[in-house]
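Here are some friendly notes to read alongside the model. Please keep the 3D view open and find each residue as it comes up.

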Amino acid sequence: MFQRKNFWVVGIFWIALHLLLTLSPLLILLIQPAPSGRGFWIEFSAAFGYVGLAMMMLQFALTARFDAIAAPYGIDIVLQYHRYITQVAFALILAHPIILFFHDRQYLQALNFFAAPWRAKFAILSTIALILLVVTSVWRQKLKLNYEVWRTSHGIFAVTAVGLGLAHAFGVNYYLVLPWKALLWTLLAFVAFGSLIYVRLLKPWLMMQKPYRVETVVPQRGNAWTLVLRPQGHEGIRFSPGQFAWLTLDRSPYHIQEHPFSFSSNGDRTDQVALTIKAVGDFTNKIKHIQPGTKAFLDGPHGAFTPDQFSFTGLVLIANGVGVTPMFSILVTFAQRGDRRPIHLIYANASWENVAFREELEYLNKQLESLSVTHVIKKPPENWAGESGYINKELLARHIPSDREGWRYFLCGSPRFLAEVEKALHELEVPAKYIHIEHFNLV
């Protein structure tokens, strides 16, 4: 079981370290200023450029899935932070040349690519790569880029932007003329590209040492499929219920095609694991055709969306659609453990026929006295006696405990569903510290 108090300490440490490394260019200037004579606006512009570049370099470490970094927050929060901080870095880096152009129009000559010195060419190409990286990420769906194409291009643009940005900084050789300053940036580059080597070379090699085979593919209601995997030549992995893994199927883990899915099985059972996947895209639509014996690799477990790291009196699990997957893992794990603390599951679906794990939930509801299941059906069948419509404030008020202390609330589902349920819980005066959210989209 995780020590939550330690998580806060570790979480604050990583935030402080990230801030320190991001602001290191400015701190260096305070320790030993560069030669004077360039004026305020040029120095101000350079500060934006260096801080933005440092931010971009640290993104490689943020996305390398280091458990020590992600554990205090959850990897979904880390990846959301990665998206936002990249946009901040993008703005800072763009501000760097814009300020120079407005301050002195002579700097516009650097835009003449063929006549410009190499350090300016590096800057131009780096900026173009950064623009392409941000545009293809923010508008990936509108551009209709499939996941594999986007992920490959994303890596290429990131390495190009950072690599050429560093080449530009060293080419200018103004702040980095002193050896110890150059050494600091070299170490920062080592962190950045070392993280890339870890996630692209070392981690796939480690995954290959622990392969899996598909044992069976079980159809579920709601156009979902449960992929049951059995470890080959190793003991398997133990995970906390509610966590997830990146899955690679029928190819080497060095291949770019991997996707995150929540575990739906007992986290304490290592001889087999199950992932439940809804068919919504090119890759997920192929799951139902996967044959037993197909090789598979897992990168995990990941995620902080688990009650195992908290003390609590009881749980309220709220989900819609396939968002019930981590909830089901929590239920079956707690059932096998003999945990008798009360659990309320509030589960929304479009129709009764689309309720994933419907029969399994009925069985668990009968077997576990501590479990209560509330189905909320948008379009219920005739003679439906349960809840219908949507999960809103009024419905939640009827089902969540009147005593807010000691209960933990776990939410998983579509983005709009999560926003509405979280808002309703706040209006019902559920403390924010007791609400835990798992987002579908990690990419």
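1. Let's begin with Leu206. At 42% relative accessibility, Leu206 counts as partly exposed, because that class runs between the cut-offs for buried (under 20% relative accessible area) and exposed (over 50%), with a 1.4 Å probe and protein chains only. Leu206 is found in helix H8, which covers residues 179–208. Helices here are DSSP runs of H or I with at least four residues, strands are runs of E with at least two, and both are numbered from the N terminus.

2. Together with Ile197, Leu201, Leu202, Trp205, Met208 and Tyr254, Leu206 forms a nonpolar patch with about 680 Å² of accessible area. Patch members need over 30% relative accessible area and no salt bridge; nonpolar side chains (Val, Leu, Ile, Met, Phe, Trp, Tyr) are joined within 5 Å, and like charges within 9 Å. The areas come from the Shrake-Rupley method with a 1.4 Å probe, and for residues only the protein chains shown count as cover.

3. A word on what you are looking at. This is a predicted model, in which local features need pLDDT of at least 70 and side-chain atom pairs count only at pLDDT 80 or more, while totals for chains, interfaces and linings use all residues. Residues are numbered from 1 along each chain as its sequence is written, and side-chain values use heavy atoms, with hydrogens and water left out.

4. Now the overall picture. The protein chain has 12 helices and 12 strands. Its C-alpha atoms fill a box of roughly 80 × 50 × 40 Å along the principal axes. Of the 443 residues in the protein chain, 49% are buried.

5. Which residues have the most contacts inside the largest nonpolar core? They are Met57, Leu130, Leu166 and Trp185, in a core of 41 residues. At least two residues of this core come from each of H3, helix H5 (75–103), helix H6 (118–138), helix H7 (147–172), H8 and strand E3 (244–249). H3 gives the most, with 11 residues. A nonpolar core means a set of buried Ala, Val, Leu, Ile, Met, Phe, Trp, Tyr and Cys residues joined through side-chain atoms within 4.5 Å. As background, nonpolar side chains tend to be buried together in soluble globular proteins.

6. Next, the aromatic rings. The structure holds 16 aromatic pairs. One of them is Phe40 with Trp41, edge-to-face at 5.1 Å centre to centre and 75 degrees between the planes. Trp41 also pairs edge-to-face with Phe44, at 5.8 Å and 80 degrees. Rings of Phe, Tyr and Trp (its six-membered ring) pair if their centres lie within 6.5 Å; planes under 30 degrees apart count as stacked, over 60 as edge-to-face and the rest as tilted.

7. Where do these rings sit? Trp41 and Phe44 both lie in helix H3 (residues 40–62), 3 residues apart, which is about one turn of the helix. Phe40 is exposed at 56% relative accessibility, Trp41 is partly exposed at 45%, and Phe44 is partly exposed at 29%. Phe40, Trp41, Phe44 and Phe48 form one aromatic cluster.

8. Arg65 deserves a careful look. Its charged end sits over the ring of Trp246, 3.7 Å from the centre of that ring. For this label, NZ of Lys or CZ of Arg must be within 6 Å of the ring centre and within 35 degrees of the ring normal. Arg65 also forms a salt bridge with Asp299, whose closest N and O atoms are 2.6 Å apart. Asp299 lies in strand E6 (residues 295–302) and Arg65 in the loop between H3 and helix H4 (67–70), so the pair ties together parts that are 234 residues apart in sequence. Asp299 is buried at 5% relative accessibility, and Arg65 is buried at 9%.

9. Asp299 has another partner. The side chains of Lys203 and Asp299 meet in a salt bridge, 3.5 Å from N to O. A salt bridge is a side-chain nitrogen of Lys or Arg within 4 Å of a carboxyl oxygen of Asp or Glu, and the count comes to 17.
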